[in-house]
Amino acid sequence: MKQNMKRRLRTIFYFCWLLVAIGFLSCTQQDRGNSLSELEAFEQFFARHADSISTAPRWMRAEALKRMEEAHDSLVKYDYLSLTLKTYLMTSQMDSAWLVARKIDDFVAHRPFSPALADLKSECLNMKGNLWGRTGYMDSAKLAFQQAYEWRMRGTRTDGVPDILMNLADACNRLGRLDEGAMWYRRALLLCDSLQLPSERRTPIYYGLAQVYVALRDFDQCDHYYNLAGKEYDHMLPYEKYIYLNNRGTSYYYRGDNRTAMTYFRKLIHLAGSYPDMIFELNLGRLNLSDCFLQLAMPDSAARYMNECRPFFERIGHTTALYYLDTQTVEMALLRKDFPRAYEVLAHGVTPADIDPDMVHIRNRYLQQYYEETGDFRQAYLYQKNNLRLDDSIRSERVRMHTADLALRYQQDSTLLSHRIMIREAENQVLQLRQTQLIVAMVAVVCLLLAVFLYLYNKKKRALMQAENRRMVSSLRLENIRNRLSPHFIFNVLNQEMLSRKQEAEKTELASLVKLMRRNLELAEQVCVTLEEELDFVKTYIELERRSLGALFHPTIRVADDVSPSQVLLPSMLIQIPVENAVKHALSGKDGDRNLWIDIDRHPSGGVAIRITDNGGGYRLSSRNRGTGTGMKVIMQTIQILNAKNRQEIDVSVHNVNLPDGSVGCRVSFLLPPDYDYRL
C-alpha cells in the first residue's frame with residue numbers, strides 16, 4: 001500500500017515538473033518568436049526602403065527612429081539605429097554620424113557574439129570607413145572596411161559583402177594601391193555571380209574598375225567598364241549616378257579633353273542640386289568643374305565655382321580638397337599675372353601626407369611656371385626636375401601596378417576556375433573526378449609545353465634580331481671605311497688644283513667644295529650630330545648649288561625661337577639628303593621660281609619637328625628625275641636601327657602638299673622625340 005502511494009506521488013511530481021518545463025519552453029519560444037518577427041520586420045523594412053537612404057534620408061531617419069522606439073529586442077533597436085547612421089552620412093552631418101557610430105560600438109562591445117551582432121558590427125565599421133574617407137583619412141578608412149568585411153563573413157547578411165568590398169577597393173585606389181583595389185573589385189564581382197545578385201549591383205564595381213584603369217592611364221579598358229556601367233545608368237541610385245558621372249568626367253580630364261569632362265561635371269552638379277542632402281557631392285562637382293575652366297584659361301568662370309565650394313570644405317576640414325583649391329588658386333593667379341597672390345598661397349600652403357601624386361605633380365608644374373614668370377629660373381629648374389623625377393616614379397609605379405593587376409587577374413581567374421572545378425567534383429562520381437583531374441593535368445602540361453615553346457621561340461627570335469642588327473651595323477661600318485678611302489685621294493687632287501688656279505673666285509668655289517666634302521666625310525663617321533652642325537653643312541651645300549640653280553632659287557631656313565640648334569641632336573645627314581634630293585630631282589629642271597623651305601619647330605610633345613618642302617611639282621614615281629633613292633634608304637636604315645633601341649621612335653613621312661600659290665610640292669617631315677638615345 002505504501003509503495004503504491006509512493007509511486008503515485010512520484011508520478012504526480014514528474015507530471016507537475018513536465019508542465020512547468022513545457023510552460024517555460026513555450027514562453028521562451030514565444031520570446032524568440034517575437035524577437036524573430038521583429039528582426040524579419042526590420043529586414044523587410046530595409047528591403048522596401050533601402051533606396052530612401054539616398055533619395056529621402058531625413059524621412060528614412062525619422063521612420064527608423066520611430067520603429068526603434070517601438071522595438072523590444074535591443075539588437076533590432078540598434079539595427080534601426082545603424083540606418084540613421086547611414087542617413088547622417090548621406091546628409092554630410094559628420095558629428096552626428098560619429099556620435100551614433102560610437103553608441104553602436106559601445107553596445108556591441110558589451111554583448112556576447114552572435115551572427116546578427118556580427119552583421120551590426122560590420123554595418124557600423126562600414127559606415128565608419130565612409131566617414132574616414134569623407135574626411136581624407138584613407139588609411140583609417142581602409143582598416144575599417146577590412147574589419148567590416150571580416151565581421152560580415154561571420155554574420156548572415158552575405159548579400160552586403162560586395163558593397164563592403166567595393167568600399168575597400170575604393171580606399172585602396174585612393175591610397176594608390178591600384179592592384180589591391182582591382183583585386184577587391186573582382187572579388188566583389190565573383191561574389192555577385194555566386195550570390196546571383198541582379199546586374200544593377202554590379203554597376204558600382206564596373207565604374208570602380210574603370211577608375212583603376214584611369215589611374216593606370218589605360219583608357220581603352222577604362223571606357224570598356226564605363227560603358228558596362230552606363231547601360232544601367234537609369235536604374236542607378238542617386239549617389240551611384242554621382243560616382244559614375246564624377247569618375248567618368250575625371251577620366252576625360254586626365255586625357256586632356258576638358259570640354260567632355262565638363263559635360264559630365266555639369267550633369268553631376270545638376271544631379272546633386274536636385275537632392276538637398278547631396279551637399280558633399282555638389283561641392284566636389286564644383287571643385288572639379290573649376291579646374292576644367294582653369295585648364296581652358298577661363299579664370300572668371302573657375303573663380304565662381306571655387307568660391308561656391310570653398311566654405312563647405314573649410315567647414316568639414318577636408319584636407320585633400322583644400323589642397324586642391326589652393327593649387328587652383330595658384331593657377332588662377334598665374335593666369336591673371338597676380339604673382340603676389342600666387343606667392344601668398346604657395347608660402348602658406350601645406351602638403352598633406354597622403355596627398356595624391358597627381359595633385360603634387362600639378363602643384364609642382366604651377367610652381368615651375370610661377371618661378372619662370374618671376375625670373376627665378378633656378379627654382380623653376382628645381383621644380384621641373386622634381387616633376388620629371390615624379391613622372392618617372394609615377395610611370396614606373398603604373399607599370400608595376402599594371403603588371404600586378406594582370407597577375408591578380410590571372411590569379412583570380414585561376415581561383416574562379418578552381419572553384420567551379422571543385423563544385424563539379426563534389427557533384428560527380430569518383431570516375432568523373434579522376435577524368436577531371438586527368439584533363440586538368442593535361443591542360444597544365446600543354447600550357448607548360450606552350451610556355452616553353454613560346455619562351456624558346458621568342459629567345460631565338462631575339463637572337464636572330466640581334467644578329468641581324470650586328471650584321472647591319474658591321475656592314476654599315478665596313479661601307480663607311482670603304483667610303484673614307486676615296487675622299488682622301490680626291491681632297492689631295494682638289495687641293496693641288498686649287499693652288500694652280502689663279503682667279504680668286506675659282507679658288508673660293510673650290511675651297512667651299514673641299515670644305516663640303518671634308519665635312520661630309522666627318523658627318524659620315526658620326527651616328528648623330530647637333531642641329532647646328534647639320535644646318536651649317538646644309539647651308540654650305542646650298543651656297544654651292546646657287547650657281548647652277550640661278551637667281552630664281554630661293555632657299556629659306558627657319559628655326560623657331562624655342563629650339564636651340566646647339567642642343568638638339570639628330571641623325572647625321574638627316575636634313576642634307578632630303579635637301580639634296582629636292583635640289584637634284586625637283587628644282588634643277590623646274591621653270592620659274594625654285595623655292596626650298598626648311599622649317600624647324602618645337603612639337604607639343606616636347607620633341608622637334610623638321611620639315612623640308614619644295615615647289616618642284618611633288619613626288620612622282622614615273623618621273624625621269626626620280627633618282628635611285630639610295631640616300632633616303634640609308635637614312636631609313638639608320639633610323640630603323642636607332643628606333644629599335646628607343647621606346648619613342650623618330651617619325652618619318654614623305655608626301656605631296658598643295659602650296660599657297662596653287663603649285664604642288666613635296667614635303668619630307670621628321671619628328672624627333674625628346675630624350676632620344678643615339679648610342680648603338
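Modeller: Leaving aside neighbours within four places in sequence, Ile598 is in contact with Val538, Thr556, Ile557, Arg558, Ile575, Val579 and Arg611, where contact means heavy atoms within 4.5 Å. This is a predicted model, in which local features need pLDDT of at least 70 and side-chain atom pairs count only at pLDDT 80 or more, while totals for chains, interfaces and linings use all residues. Residues are numbered from 1 along each chain as its sequence is written, and side-chain values use heavy atoms, with hydrogens and water left out.

Ile598 sits in strand E4 (residues 594–602); helices (H or I, at least four residues) and strands (E, at least two) are DSSP runs, numbered from the N terminus. With a relative accessibility of 1%, Ile598 counts as buried, because buried means under 20% relative accessible area, with exposed over 50% and partly exposed in between (1.4 Å probe, protein chains only). Pro555 is 43 residues from Ile598 in sequence, and their C-alpha atoms are 8.0 Å apart in space.

In soluble globular proteins, nonpolar side chains tend to be buried together. Trp184 touches Tyr149, Leu165, Leu168, Ala169 and Cys172, not counting residues up to four places away in sequence.

Next, another pair of strands. E6 (residues 651–658) and E7 (residues 664–672) pair in the antiparallel sense over eight bridges; strands pair if DSSP finds at least two bridges between them. Val654 has Val668 in E7 as its bridge partner. Five residues lie between the strands of this hairpin, where Gly662 takes a positive phi near 95°.

Among the helices, H6 (residues 115–134) has 20 residues and should span 28 Å at 1.5 Å a residue; its end C-alpha atoms are 29 Å apart, which agrees. The expected span is 1.5 Å times one less than the number of residues. Of the 20 residues in H6, 16 are buried, and just after the helix Gly136 takes a positive phi of about 90°. Asn258, in helix H13 (residues 258–273), is buried too, with a relative accessible area of 10%. Beyond four places in sequence, Asn258 touches Tyr252, Tyr253, Cys292, Gln295 and Leu296.

As for aromatic rings, those of Phe, Tyr and Trp (its six-membered ring) pair if their centres lie within 6.5 Å; planes under 30 degrees apart count as stacked, over 60 as edge-to-face and the rest as tilted. The count by this rule is 20 aromatic pairs. In one of them, Tyr213 and Tyr225 have ring centres 5.9 Å apart and planes at 5°, so the pair is stacked. Tyr213 lies in helix H10 (residues 203–215) and Tyr225 in helix H11 (residues 219–230), so the pair ties together parts that are 12 residues apart in sequence. Tyr213 is buried at 1% relative accessible area, and Tyr225 counts as buried at 11%. Phe42, Phe45, Phe46 and Tyr80 form one aromatic cluster.
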